[in-house]
Amino acid sequence: MTAVPQLADIRQVSDGWIKKYVLAYDMPDGSRYEYESASRKALDAYRAELEGNARGMRTPADAVCIVGQTADGKLLLIREFRYPLNSWCIAFPAGLMEPGEDLATCVNRELREETGYGLRTDLDEAAALQPLPQAGYSSTGLTDETVHVVFAQVERISDAQPEPAELIEPFQLAIEDVPRFLAENETPIGTRAQLVLEAFARRH
């Protein structure tokens, strides 16, 4: 097996909601290599996570991304103003999981807040909520953030309840219209939404 770098030190260089770290690695050739990363976790938690990763351990997902589908077969998406882009962006509803929150509770909360939708009440949870087998990393070259993508059967239950600074416009997209939407869309689009929509497009 190929020798891998060994984590030697972690140095926090900025604080805030998102924290910046410098990771120092001892390389197989004996040299020292430093790499910058970002995380929402505090130093001790981030260190424990990285050390656990090296042993094959995995921490709970940081966030969910919800591929919602209505009873008549339409996909539930959002246009959201994303401050790091200074632009609107096409995405599926998503958000951070709260400590101790189970997947179904998080999905219902995020759907209600961003869109006014929720999991269908005429289906049991196993039918309404189908998560992928494991959470995936958002951007492995930048951050440790993990996102659990779930496919959900949804229905309208209330008005949306976004946070004051969240500018979100929910919309539905018929699956047969996905290829045309992708071809004509000029709004920035999140990678997860792009990949899922492309998969639907290739089925039609």
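A salt bridge is taken here as a side-chain nitrogen of Lys or Arg within 4 Å of a carboxyl oxygen of Asp or Glu. By this criterion the side chains of Glu34 and Arg11 meet in a salt bridge, at 3.7 Å from N to O. The pair links distant parts of the chain, since Glu34 belongs to strand β3 (residues 32-39) and Arg11 to strand β1 (residues 6-14), 23 residues apart; strands are DSSP runs of E with at least two residues, helices are runs of H or I with at least four, and both are numbered from the N terminus. Glu34 counts as partly exposed because its relative accessibility is 46%, and Arg11 also counts as partly exposed, at 38%. In these terms buried means under 20% relative accessible area, exposed means over 50%, and partly exposed lies in between, with a 1.4 Å probe and protein chains only.

The model is a predicted one, in which local features need pLDDT of at least 70 and side-chain atom pairs count only at pLDDT 80 or more, whereas totals for chains, interfaces and linings use all residues. Residues are numbered from 1 along each chain as its sequence is written, and side-chain values use heavy atoms, with hydrogens and water left out.

Seen as a whole, the protein chain contains 5 helices and 12 strands, and its C-alpha atoms fill a box of roughly 60 × 40 × 35 Å along the principal axes. Of its 204 residues, 37% count as buried. The chain exposes about 12000 Å², of which carbon and sulfur atoms supply 52%; accessible areas come from the Shrake-Rupley method with a 1.4 Å probe, and for residues only the protein chains shown count as cover. Where contacts (heavy atoms within 4.5 Å) join residues at least 6 apart in sequence, 55% of them are between residues at least 24 apart. UniProt, in an unreviewed entry, lists residues 57-195 as "domain: Nudix hydrolase"; such positions are given in the numbering used here, feature names are shortened, and annotations may be inferred rather than shown by experiment. The span 57-195 is 21% helix and 36% strand, and its end C-alpha atoms lie 27 Å apart.

The bridge between Glu34 and Arg11 belongs to a structure that holds 18 salt bridges. Another joins Glu49 to Lys41, with the closest N and O atoms 3.2 Å apart, and here both residues are buried. Arg109 forms a salt bridge with Glu101, in which the closest N and O atoms are 2.8 Å apart; Arg109 and Glu101 are likewise both buried. These two residues are part of a network of salt bridges that links Glu98, Glu101, Arg109, Glu110 and Glu113.

Thr115 counts as buried because its relative accessibility is 3%. Leaving aside neighbours within four places in sequence, Thr115 is in contact with Leu76, Ile78, Pro93, Glu110, Arg156, Ala160 and Pro170. A polar atom of the Thr115 side chain lies 2.6 Å from the backbone oxygen of Leu111, and a polar atom of that side chain lies 3.1 Å from the backbone nitrogen of Tyr117. A polar contact is a pair of N or O atoms within 3.5 Å, of which, within protein, one must be able to donate a hydrogen and the other to accept it, and residues adjacent in sequence count only if both atoms are side-chain atoms.

On the surface, Trp17, Ile18 and Leu96 form a nonpolar patch with about 310 Å² of accessible area together. Patches are made of residues with over 30% relative accessible area and no salt bridge, with like charges joined within 9 Å and nonpolar side chains (Val, Leu, Ile, Met, Phe, Trp, Tyr) within 5 Å. Leu96 lies in strand β7 (residues 94-96) and is partly exposed, with a relative accessible area of 31%.

Several loop positions complete the picture. Asn86 is found in the loop between β5 (74-82) and β6 (87-91), and is exposed, with a relative accessible area of 62%. Most residues other than glycine have a negative phi. Asn86, although not a glycine, has a positive phi of about 55°. Gln134 lies in the loop between β9 (129-131) and β10 and is exposed at 63% relative accessible area; Gln134 and Ala61 are 73 residues apart in sequence and 8.6 Å apart in space, C-alpha to C-alpha. Gly141 has its place in the loop between β10 (136-137) and β11 (146-156) and is partly exposed, with a relative accessible area of 42%.
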